[in-house]
Amino acid sequence: MKFPIILIVCILIAILAAGAAGDIIPNAVDGEKKVTVPARMRDLQEGLPDRNYYPINPPGGDDSETRLVLLGTTGGVTWYPAVDRASSSSALIVGDTIYIIDLGQGSTSRLSQAFNTQESDSGTSTFLENARALFFTHLHQDHIADYPSLLLIGPGTGLGTKTDPLTGNVTIVPFIVVGPADRGALEIDKSYYRARNGTIIYTDSANPSLVTPTPGTRQMTNLIWQAYAQTINDMTLDNAYRDFTKLVEIREIGGTYPGDIYFPAPDVDLGNGTTCAAMDPFEVYRDENVVVTATLVDHHQVYPAFAYRFDTREGSVVFSGDTGPDTRGNLEKLADGADILVHEVIDRAWIDERMGDPDQNTPAFALKTHLLTAHTPIDAVGSVASNCSVDTLVLNHIVPGNTPISHLLRAKDNFTGRLIIGQDMMEIPV
Ligand SMILES: [Zn+2]
Ligand SMILES: [Zn+2]
């Protein structure tokens, strides 16, 4: 069976590579660096679904040492009709090492499509040995939905381990997960939800300090281990897998465990939904390849919601996470002078079409205001990018996923740099 599959893969790659030659988004290239895009980009730009993907250069390949790969480029709690975008997720490649930013629905499949390129005699892949850390901007499902998949399937694919190339010995080097701590509270006014007989979910624990409606990154991870205990116990007891829980190291921003990350939180008023106040960027992670800094952005009611900046030897990339356009200057401080800003957008025309012009003081008015201030309308993102003084603006978390290209081009308003309309599996040199 193995030979025909390899043959088919090789033929597919050859076809894709041939079809992709010269396929560059007209507005995406300015200067020397070529942006690699899916082969049928022009079809995609008309909103047609596409099933062919350009092969991504593997980590440690010959090209630019540092590269941004978009794994998922939409957001929201749905699959949009006839569109093949996964939800928010990106990878930053530095040499051999993969850093992942968010992991929305469909993105672990993209991770495999992008990087699972080794041939192996063992019949299993170990490409996740190259994945060193994952950074959650916030804990909405379109940024975390594939996290259980990574935790459950990753241990069979090298997650949290390293193989010595000389001896073949495998050692545990935990995969690092950086994310927010427990938010601590829901918004005070739950009356609309209660009126609909809604149930608020709390974590279940004999320890009162662990009972919460807003678990943070560590508790979420522990609860995933518990929810999938049957299969994990079977795998580790019977099939000689390593202890899954030892393969992952959680570092919460604002958490209180040893190794957690100090969060110099500014004064906010969560009860009023005021979740963003002015602050200076702070460091959350550092190794031989990258220094990662973070700041609060405005994604009310979510608190905290972070943007991250990765500084590498070759350049800097900022991920806005989910945010409205007004971050009290925080994103501008974090992203100042960065090479690439990967920023979320929402289509104002789509919201208008769906929601019309609701009366003030109605739930619909509140929702519409929320969508336009806790996310960034396409026509507002250009100003944000200009104020950040970045060279390149990459649109991701495109909501809805089938937003027409003509609407997305409004991101050029008030921005004179290079605009790249994100597509899954797009590779951008840094
Ligand atoms: Zn989102
Ligand atoms: Zn969100």
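## Spacing of the zinc donors

In sequence, the residues that donate to the zinc ion (ligand 1) follow the spacing D-H-x178-D-x74-H. The pair formed by aspartate 142, in helix H4, and histidine 397, in strand S14 (residues 392-399), links distant parts of the chain, for these two residues are 255 residues apart. The structure discussed here is a predicted model.

The donor atoms of this zinc ion (ligand 1) come from Asp142 (OD), His143 (NE2), Asp322 (OD) and His397 (NE2), at 2.1 to 2.2 Å. Aspartate 142 counts as buried, at 3% relative accessibility. Histidine 397 also counts as buried, at 2% relative accessibility. The angles among the four donor atoms of the zinc ion (ligand 1) are 88 to 166 degrees, and the site is irregular.

Which residues coordinate the zinc ion (ligand 2)? They are His138 (NE2), His140 (ND1), His299 (NE2) and Asp322 (OD), at 2.1 to 2.4 Å. Along the chain, these donors have the spacing H-x1-H-x158-H-x22-D. Histidine 140 lies in the loop between strand S4 (131-135) and helix H4 (141-144), while aspartate 322 lies in the loop between strand S12 (316-319) and helix H9 (330-335); the pair therefore ties together parts that are 182 residues apart in sequence.

Why is the arrangement around the zinc ion (ligand 2) irregular? The four donor atoms subtend angles of 91 to 165 degrees, which makes it so. A tetrahedral site requires all angles to lie between 85 and 135 degrees. For comparison, the ideal angle for four tetrahedral donors is 109.5 degrees.

## The bridging aspartate

Is aspartate 322 buried or exposed? Aspartate 322 counts as buried, at 2% relative accessibility. Histidine 140, by contrast, is partly exposed, with a relative accessible area of 28%.

## The chain as a whole

The secondary structure of the chain comprises 13 helices and 16 strands. Of its 430 residues, 50% count as buried. Among contacts between residues at least 6 apart in sequence, 66% join residues at least 24 apart.

## Strands and sheets

Strand S1 (residues 66-72) is mostly covered, with seven of its seven residues buried. S1 runs antiparallel to strand S2 (residues 89-94), and six bridges join the two. S1 is also joined to strand S16 (residues 426-429) by four bridges, again in the antiparallel sense. Valine 69 illustrates both pairings: its bridge partner in S2 is alanine 91, and in S16 it stands opposite glutamate 427.

Seven strands form an open sheet with mixed pairing, in the order S9-S10-S11-S12-S13-S14-S15. Strand S9 (282-286) and strand S15 (418-421) are the edge strands, each pairing on one side only. On average, neighbouring strands of this sheet are turned by 25 degrees against each other, direction ignored. Within the sheet order, strand S10 (residues 291-296) and strand S11 (residues 306-311) pair in the antiparallel sense over six bridges. Leucine 296 stands opposite phenylalanine 306 in S11.

In soluble globular proteins, nonpolar side chains tend to be buried together. The largest nonpolar core of this model has 34 residues, and those with the most contacts inside it are Leu68, Phe135, Val284, Tyr308 and Phe310. A second, separate core has 32 residues, including Val69, Leu71, Leu159 and Phe175.

Which residues does phenylalanine 135 touch, not counting residues up to four places away in sequence? They are Tyr99, Ile100, Ile101, Asp102, Val178, Val284, Tyr285, Val292, Tyr308 and Phe310.

## A buried residue in a loop

Phenylalanine 244 is found in the loop between helix H8 (229-238) and strand S8 (248-253). With a relative accessible area of 3%, phenylalanine 244 is buried, because buried means under 20% relative accessible area.

Not counting residues up to four places away in sequence, phenylalanine 244 touches Leu151, Leu152, Pro155, Trp225, Ile232, Met235 and Thr236. Phenylalanine 244 and glycine 160 are 84 residues apart along the chain, and their C-alpha atoms are separated by 8.9 Å.

Methods: Residues numbered from 1 in each chain as written. Chains lettered and ligands numbered in written order. Predicted model: local features only at pLDDT ≥ 70, side-chain atom pairs only at ≥ 80, totals over all residues. Heavy atoms only, no water. Donors = N, O, S within 2.8 Å, 3.2 Å for Na, K, Ca; no water. Tetrahedral: all angles 85-135°; square planar, octahedral: opposite > 155°, others 65-115°. Buried < 20%, exposed > 50% of the residue type's maximum accessible area, 1.4 Å probe, protein only. Core = buried A, V, L, I, M, F, W, Y, C linked by side-chain atoms within 4.5 Å. Contact = heavy atoms within 4.5 Å. Pairing = 2+ DSSP bridges. Axes fitted to C-alpha atoms, helices over the stretch in contact; angles between N-to-C directions.
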